[in-house]
Amino acid sequence: MGRVQFAAKNIAFGWIGNIATLLLGAWLRQVFILRLGDTLLGVNDYYTSILTVLSLAELGIGTAFNYSLYGPVARNDYEKIKSYMLLYKKAYRVIACVIAVIGLAIVPFLRYLIKDPGSNTWEDLTVYYLIFLFNTVSTYFVAYKYSMVNAQQKNYIQTNAITITKIVTVTLQIAGLVIFPDFYLYLFTAAAAELLQKIIVSYYLNRLYPYLKDRSVERLSGEEVGRIASQTRALVLHKVGDMARLQTDTAIIGAFIDVTTVGFVGTYNYVVSSVSNFVNIIFNSVLSGFGNLIATEGKEKQYLMFRVYRFLACWIYGFSAIGFYCMLTPLIILWVGEERVLPDIVIGCIMIDYYFKGERIVLSNYKTAAGLFEQDKYLALIQGAVNLVISILLVQKVGLVGIYIGTILSGLIANVTKPVIIYRVCFGKRAGGYFLDSLKYLGVNTAALVLILLMKQAVMTRVSIFSFILMVILITAVFQALFFLAFGRCQEMKYILRLLGGKVRGRLWRAE
C-alpha cells in the first residue's frame, strides 16, 4: 500500500470517528449543562486545559522518536526498531513519574488559579483535579507503542482505538447524567473506560508486533542516542513555548475573568475543534507519508508536494474559518441558548488565529517530517512569552478579546520564520514565493468573506434551522466558486484535480 492509499485510509477512519464523537459529544455537552450547570462545565474545560499542558503528546518526545523510526521501518530493520522502542519505553516511564510529581505540586496552588468557582468546595475541586491527573499519567504506559503504527503510516489503528473508547465513555456518561447527575460519577466513568482501553490496546499491539517483546535487544550507539536527545531537547523547547501560547488562554480566562466564562468559551472551542478535526485529519494523516517521501524522493518532488499541501490548507482553512465566523453564533443560539453567546469581535479574533494556525500546521508538520527541530528551537519560547505578556496586560484593559490579540500576534511570528527555514534547508530556495502566495490566498479569502457577509444580512434576518441550513449551502457554493475562479488554472489545483480524477477512474474501472 502506497503513501496516498495509507493517507486515504487514515483520513477515512478519522472522519468516521469524528462524526460519531462529534454527535455524541454535542449531546453530552448539552446534557451536562442541563444537569450540572455552566460552572462545573467550566471546571471540566479548565482542568482539561491544564492537564493538556502536562500531556506527553505536548512534550515532543513522541515526535522525535516517530521521526527516528521512519528510516528503520522503511528498511524493515527490525533490530534497530526494537532498539529504538526500548529506549522509547524507558523514556516514557521516566516522564510519567516526572509529570505525576509536577501535577501533584500544582495542587496547593489551585485556589489561586481559579476565580469564582461557584458553590464548589476546594476539597471537591482538588479531588476533581487528581482524577484528571490520573487519566493523564496513565496514558504514558501505553502511548509509546503507537509510534510503530504511526511510523508505518497506519494512524487509523490509533484513531479507531480512541473512537471506540470515546463512544463507550460518552454513552455511559450521558446515561449517568440522566439517571444520577453527579460530577464524581461523570469523572470516574471516563477514568475507568480509558484505563480499560489502555489495557486492551497494550495487549493488541503486543500481538501485532510480537518482536517488540524480545528480550534480546541491541543498545543504540552513543551517536544515535545523542541525536535523539538533541532532537528531543529542541522539541521540548518548541512544545513548552506552544503550551505557553496555546494552552494558557483558558488559564488566563479562569484566573482573570471567571470559570463560567471558561465554559462559554469551551462551547465555542468544542464546535471549532470538533469540526476542524475533520480538516486536521487530512493534514495530520499525511505526516508519516511525508516522512517516507523525504526519505525516498528528491527535492523537486518534495517541493511540489509541499506546495500542494500548503495550497490545500489555505483553501480548506479559509473556507472553514469563514463558515465558523458567520455561523458559530447562530449554531450556539440554536444549540445551548442565546445567553451563552460571545461577542462578534471575540469570534473574529478566534477565527483569524484559526486561519493562520492552518498555515502553521502545514509548516510544523513538514518540519517534523523533515526532522528540522534545531533551527528554531527557541522560537516557541519567544512566542509563549509574547503571548503571556500581551494577553495578561490586555485582558485587564479590554477583557476577553485582549487574550486572543496576544494569541494572534504571538502566532504570526511562526508564520514568518518557519517558511524561511523550510525553504532554505529543505528546498535550497528563498521564501519570497511563499509569502507572495500567502497574500494571494488571504486576498481571495477576504473577498469571499465580504461577499458572504453581505449575503448573510439579506438571508439570515432571524436565526432558525431553515435559515441556518440555507446559509451553510450558500457559503459552501459561493466560496468554492470564487476559489475555483481565482486558482482553477494554478499547478497545485491541477495536481489535486488529477489526483481526484485518477481515484474516480480507478473505482469505475474496478466496478466494471
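Reader: Hi! Is Thr21 buried or exposed?

Author: Thr21 counts as buried, because its relative accessibility is 16% and buried means under 20% relative accessible area (exposed is over 50%, partly exposed in between, with a 1.4 Å probe and protein chains only). Bear in mind that this is a predicted model, where local features need pLDDT of at least 70, side-chain atom pairs count only at pLDDT 80 or more, and totals for chains, interfaces and linings use all residues. Residues are numbered from 1 along each chain as its sequence is written, and side-chain values use heavy atoms, with hydrogens and water left out.

Reader: Thanks! Where does Thr21 lie, and what is it in contact with?

Author: Thr21 is part of helix H1; helices here are DSSP runs of H or I with at least four residues, strands are runs of E with at least two, and both are numbered from the N terminus. Leaving aside neighbours within four places in sequence, Thr21 contacts Thr163, Lys166 and Tyr270, where contact means heavy atoms within 4.5 Å. Thr21 and Val170 are 149 residues apart in sequence, with 8.3 Å between their C-alpha atoms.

Reader: How many helices and strands does the protein chain have?

Author: There are 19 helices and zero strands. Of the 512 residues, 52% count as buried.

Reader: And how many residues of H14 are buried?

Author: In H14, 22 of the 27 residues are buried, so to speak mostly covered.

Reader: Now pockets. What lines the second largest pocket?

Author: Its lining has 27 residues, and Val271, Val275, Gly323, Phe324 and Val472 lie nearest the centre. On a 1 Å grid over the protein atoms alone, a pocket is an open set of points with protein on both sides within 12 Å along at least five of seven lines, where a 1.4 Å probe fits; lining residues have an atom within 4 Å of a point.

Reader: Which helix gives the most to that lining?

Author: H13 does, with ten residues. Helices H1, H11, H13 and H18 each supply at least two residues of the lining.
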